[in-house]
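These are my notebook entries on one protein chain. I record what I looked up, in the order in which I looked.

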Amino acid sequence: MYTGVLITFLDVLLVVHAARTGRFMPWGFVILFLPGVGALVYLAFALAPEWLGSYGAQRARRSIAAAIDPSGRYRSLRDELRVVDTIAHRNALAEECLKIGKPEEALEHYEAILAQPLGDEPAFSIGKARALLMLGRADESVSTLDAVRARAPDLHSPEGRLLHARALEAAGRAEEALDAYARASRTFPGPEPRVREARLLERLGHRDQARSIAEEVVRSLRRAPRHVQANEREWYALARELTR
């Protein structure tokens, strides 16, 4: 009995979906005249290809693949570079090295890129600075980014400005880092610069100021859409800790 009700409910739901999405001809009739089976056919041949081809589905598949084999993309990019050594291939491999915790190799690739006639781009220098920071070479990271700023004052991207602030903090230049975090927060698409600024303020003993910034971040994220809250849950949790 319950199975029949469930099949009927599913059929009605999918007939309505087919009608609303302009698929009633022929899928509506397939579902109606083949109870249960028609619904499965509709799901398999009409909806599944659409879902699997969507950006969200592709992103999900990449996430699953990365979880199963974290170094799979790294090996693939490394093999591609061995076949054709281009700036694009080497940059993609360097970025992947940073993602999977191979900063030494990433640094080698970025230095190789920057040594080429067409490789002197701010983005590649920023990548090199990221690798240096991950290796604990904060002073060199700051110097690399300062050189970029001399040619591109906006550091090329919001990520570059945030990286500069992080490098300054790691190098022990706290006051400069606070100013850099404040500037980065104006363009960075997320609360990370503000939370990092608040954490640094607390470490410096400015607890009231740190709490004020953290409370502002918490209020903002509570009003944000759910997908934003999900993406920023790490920084939300850190901000909440600072409000206590």
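I began with burial: 37% of the 244 residues in the protein chain are buried, where buried means under 20% relative accessible area, exposed over 50% and partly exposed in between, with a 1.4 Å probe and protein chains only. I note that this is a predicted model, in which local features need pLDDT of at least 70, side-chain atom pairs count only at pLDDT 80 or more, and totals for chains, interfaces and linings use all residues. Residues are numbered from 1 along each chain as its sequence is written, and side-chain values use heavy atoms, with hydrogens and water left out.

**Entry: the elements**

I found 15 helices and 0 strands in the protein chain; helices (H or I, at least four residues) and strands (E, at least two) are DSSP runs, numbered from the N terminus.

**Entry: helix α8**

I checked the length of α8, residues 122–134. Its 13 residues should span 18 Å at 1.5 Å a residue, and the end C-alpha atoms are 18 Å apart, which agrees; the expected span is 1.5 Å times one less than the number of residues.

I then listed the buried residues of α8, among them Phe 124, Ile 126, Leu 132 and Leu 133. Which helices cover them? The cover includes α6 (87–99), α7 (103–114), α9 (138–151) and α10 (158–170). Just after α8, I saw that Gly 136 takes a positive phi of about 85°.

**Entry: α8 with α10**

The axes of α8 and α10 are 11 Å apart, at an angle of about 30°; axes are lines fitted to C-alpha atoms, for helices over the stretch in contact, and angles run from 0 to 180 degrees between N-to-C directions. The pair is therefore roughly parallel, given that angles under 35 degrees count as roughly parallel, over 145 as roughly antiparallel, 65 to 115 as roughly perpendicular and the rest as oblique.

Ile 126, Ala 129, Arg 130 and Leu 133 of α8 meet Gly 160, Leu 163, Arg 166, Ala 167 and Ala 170 of α10, contact meaning heavy atoms within 4.5 Å.

**Entry: α13 with α15**

Helix α13 (residues 207–223) and helix α15 (residues 233–243) have axes that come within 8 Å and cross at roughly 135°. I therefore recorded α13 and α15 as oblique to each other. From α13, the residues in this contact include Arg 211, Val 217 and Leu 221; from α15, they include Tyr 236, Arg 240 and Leu 242.
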